[in-house]
Amino acid sequence: MKKNIVKRLSVLVLAGVVMMSAVACGKNDDTASNDTVGEVVASDGEMFTADDLSVGEVKLLGKVYEMPVDYSKISKKFTLRDEMTEQFNVKVAPNSTLNNIYLDVFNQENSYVVVSLKNDRKQEDYPKACKVTSIVAQAGHADGNVVVLPGNVTIGTSAYDVTGRYGEPDTTIENAGGFTYVYDKGTITYTLDFEKNAEGVSKITIECK
């Protein structure tokens with residue numbers, strides 16, 4: 001009799017231990033899940049202040065900036081091609097702009113954007129001290145996470161989604177190869193190109209006036 005009672009007690013204790021372990025594991029799984037979600041949110045980057053182009057913002061590799069943006073603020077994400085580095089002593093004249101400058105995306109092979117760098121000082125200065133006044137991102141050279149506009153419009157976004165977020169463009173240009181939407185927002189112009197044989201936006205151009 002005593003042996004049976006001891007056996008039953010042992011079984012009950014063992015079952016309790018198993019249940020407590022299961023609960024503990026469940027809690028650990030939840031914690032891990034929450035940590036993972038937190039990491040995903042963090043990697044998704046910052047939020048725009050609004051989904052409207054009039055805010056004058058752009059998201060570059062997950063971080064939101066106001067246009068024009070100081071190149072020094074993005075220099076850890078984008079690097080000037082070698083011909084524009086200080087070792088070649090390239091400087092920008094006072095109140096002048098260098099156009100068609102290639103910025104390579106850090107740690108992404110064959111990924112780049114093309115920008116204009118403006119020196120708004122009264123003396124000449126290196127490109128790294130200038131402001132980025134225009135950005136061009138094109139399919140094939142920049143993934144959808146490189147340049148993102150408010151409302152999460154990026155390379156590959158459909159024309160339907162673009163007008164759904166921003167409304168009808170100020171100007172629509174049609175040509176044999178596709179069409180272009182132009183949105184004029186004060187001091188900034190946004191140009192979105194669509195090609196007939198490509199899905200969604202194929203090229204984004206942001207220009208500060």
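Which residue is the bridge partner of Lys59 in β8? I looked this up before anything else. The partner is Val148. I note that the model is a predicted one.

**Entry: the whole chain**

I took the overall counts next. The protein chain has three helices and 12 strands. Of its 209 residues, 34% count as buried. The exposed surface comes to about 12900 Å². Carbon and sulfur atoms supply 51% of that surface. Residues 24 or more positions apart account for 46% of them.

Strand β1 covers residues 57-60. I looked at where its side chains go. Glu57 and Lys59 point one way, while Val58 and Leu60 point the other way. All of these are buried.

Then I followed the pairing. β1 pairs with strand β2, residues 63-66, in the antiparallel sense. Four bridges hold this pair in the count. I picked out two facing positions. Glu57 stands opposite Glu66 in β2. Lys59 stands opposite Val64 in β2. The hairpin of β1 and β2 has two residues between the strands. Leu61 takes a positive phi there, near 50°.

Strand β8 covers residues 147-148. Two bridges join β8 to β1, and the two strands run antiparallel. Strands of a sheet pair through backbone hydrogen bonds, either parallel or antiparallel.

**Entry: Ser134**

Where is Ser134 found? I located Ser134 in strand β7, residues 131-138. Is Ser134 buried or exposed? Ser134 has a relative accessible area of 11%, and the cut-off for buried is under 20%, so this residue counts as buried.

I listed what touches Ser134, leaving aside its neighbours within four places in sequence. The contacts are Met67, Val114, Val115, Ser116, Ile206 and Glu207. With Ser116 there is a polar contact, side chain to side chain, at 2.8 Å. I also checked Pro68, which is 66 residues from Ser134 along the chain. The C-alpha atoms of Ser134 and Pro68 are separated by 7.6 Å.

**Entry: Thr205**

I moved on to strand β12, residues 201-208, where Thr205 lies. Thr205 is buried, with a relative accessible area of 11%. I left aside its neighbours within four places in sequence here too. Thr205 is in contact with Ile135, Val136, Thr189, Tyr190 and Thr191.

How many cavities of 30 Å³ or more does a search of the whole structure find? The search finds one. About 40 Å³ of space lies in the largest cavity. I wrote down its lining: Leu60, Ile74, Phe78, Leu103, Val113, Val115, Val132 and Ile135. β6 (112-119) and β7 each supply at least two residues of this lining.

I cross-checked some names from earlier entries. Leu60 of the lining is one of the buried residues of β1. Val115 is in the lining and is also in contact with Ser134. Ile135 is in the lining and is also in contact with Thr205.

Definitions and conventions. Residues numbered from 1 in each chain as written. Predicted model: local features only at pLDDT ≥ 70, side-chain atom pairs only at ≥ 80, totals over all residues. Heavy atoms only, no water. Buried < 20%, exposed > 50% of the residue type's maximum accessible area, 1.4 Å probe, protein only. Pairing = 2+ DSSP bridges. Contact = heavy atoms within 4.5 Å. Areas by Shrake-Rupley, 256 points an atom, 1.4 Å probe, with all protein chains shown as cover. Polar contact = N/O pair within 3.5 Å; in protein donor to acceptor, adjacent residues only side chain to side chain. 1 Å grid on protein atoms, 1.4 Å probe; cavity = no way out; pocket = protein on both sides within 12 Å on 5 of 7 lines; lining within 4 Å. Points joined across faces, edges and corners; volume = space filled by probe spheres on them.
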